[in-house]
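Work through each task before reading its solution.

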Amino acid sequence: KFVRATYAYKTAGDVKIDADVYRAKEKEFSPVVVWLHGGALIMGGRDSVPKQLLELCRKESYALVSFDYRLAPEVKLPDIIEDVKDAFRWLDEQGPKLHIDPKRIVVAGGSAGGYLTLMTGVCAKPRPLALVSYWGYGDVDGDWYTKASAHYRKAAPLVSKDEADKAVGSRVLTGTTGGDGQKVRGIYYLYLRQNGLWTREVTGFDPATERRKLDPYCPVRNVTGAYPPTMLVHGTEDTDVPYQLSADMAKVLADNRVQHELMTVRGAGHGLSGGDRKLIDAANAKAMEFIRRHLKADE
């Protein structure tokens with residue numbers, strides 16, 4: 001039986017930050033898959049675990065842990081990364097009590113969660129055994145995020161600053177699922193992308209004058225030979241996070257001789273939307289096999 005329990009892994013001020021732990025009760029010291037949700041670091045929540053990951057964990061008797069984290073712009077990127085570090089610290093300390101093995105971790109995440117997954121290869125302790133980044137990114141200050149997005153200026157009506165400001169700022173959130181929180185904060189995200197303001201508003205740093213302060217938050221600039229084996233899954237027609245971001249990460253991994261694979265899904269958009277079903281199924285199957293391989297007990 002696969003059961004879910006919720007724990008507060010951290011309290012920041014008066015904000016409680018939760019983790020969902022799914023596991024087979026009778027199974028002791030299971031390996032663990034950690035899921036980090038997407039949503040541009042502005043929206044989303046821990047209940048967005050993909051079905052294929054839950055199925056894999058149920059079938060293989062892995063634990064699955066899905067973490068929330070505080071969302072921007074009410075907090076900035078350094079605080080979000082602190083939450084991620086604290087999440088892994090909590091998992092390391094509490095793992096044995098939860099009947100899970102915190103030394104056998106694979107991390108996966110989509111979009112901004114893919115970015116955070118790549119960051120865990122730099123900042124999480126103990127270092128994960130492997131990473132799966134779905135349509136993620138290795139930098140937060142490229143032109144794609146710091147310049148106005150032609151796609152978002154055409155794909156949706158232009159959002160005014162007043163409209164954007166009304167959507168955020170009332171309190172610190174750790175999830176926006178349920179109600180209209182997701183939709184409202186999506187308006188703010190649109191405004192940032194339409195005006196090239198995401199980096200400044202989410203990180204708290206000006207990419208034009210403070211690029212060096214952003215270096216620690218760009219995994220593509222922090223890869224060493226000790227970086228975990230990594231699988232990158234990305235569609236070539238992604239209009240939100242350009243495919244090139246995963247290609248750039250793959251190149252740096254290759255330069256540092258890090259085991260990796262770039263699963264290119266031709267013709268697919270963000271989240272592999274509009275892609276050929278066979279290609280998507282093949283990419284997902286490869287990712288599941290990658291996780292299995294890295295969580296196998298040492299022979």
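**Exercise 1.** Determine whether Asp-141 is buried or exposed.

*Solution.* Step 1: buried means under 20% relative accessible area, exposed over 50%, and partly exposed in between (1.4 Å probe, protein chains only). Step 2: the relative accessibility of Asp-141 is 10%, so Asp-141 counts as buried.

The model is predicted: local features need pLDDT of at least 70, side-chain atom pairs count only at pLDDT 80 or more, and totals for chains, interfaces and linings use all residues. Residues are numbered from 1 along each chain as its sequence is written, and side-chain values use heavy atoms, with hydrogens and water left out.

**Exercise 2.** Identify the residue with which Asp-141 forms a salt bridge.

*Solution.* Step 1: a salt bridge requires a side-chain nitrogen of Lys or Arg within 4 Å of a carboxyl oxygen of Asp or Glu. Step 2: the partner is Arg-221, with the closest N and O atoms 2.9 Å apart. Step 3: at 28% relative accessibility, Arg-221 is partly exposed.

**Exercise 3.** Describe the salt bridge between Arg-58 and Glu-55.

*Solution.* Step 1: the N to O distance is 2.5 Å. Step 2: the two residues lie three apart in helix H1, and therefore about one helical turn separates Arg-58 from Glu-55; helices (H or I, at least four residues) are DSSP runs, numbered from the N terminus. Step 3: Arg-58 has 42% relative accessibility and counts as partly exposed, and Glu-55, at 45%, also counts as partly exposed.

**Exercise 4.** State how many salt bridges the rule gives.

*Solution.* The count is 27 salt bridges.
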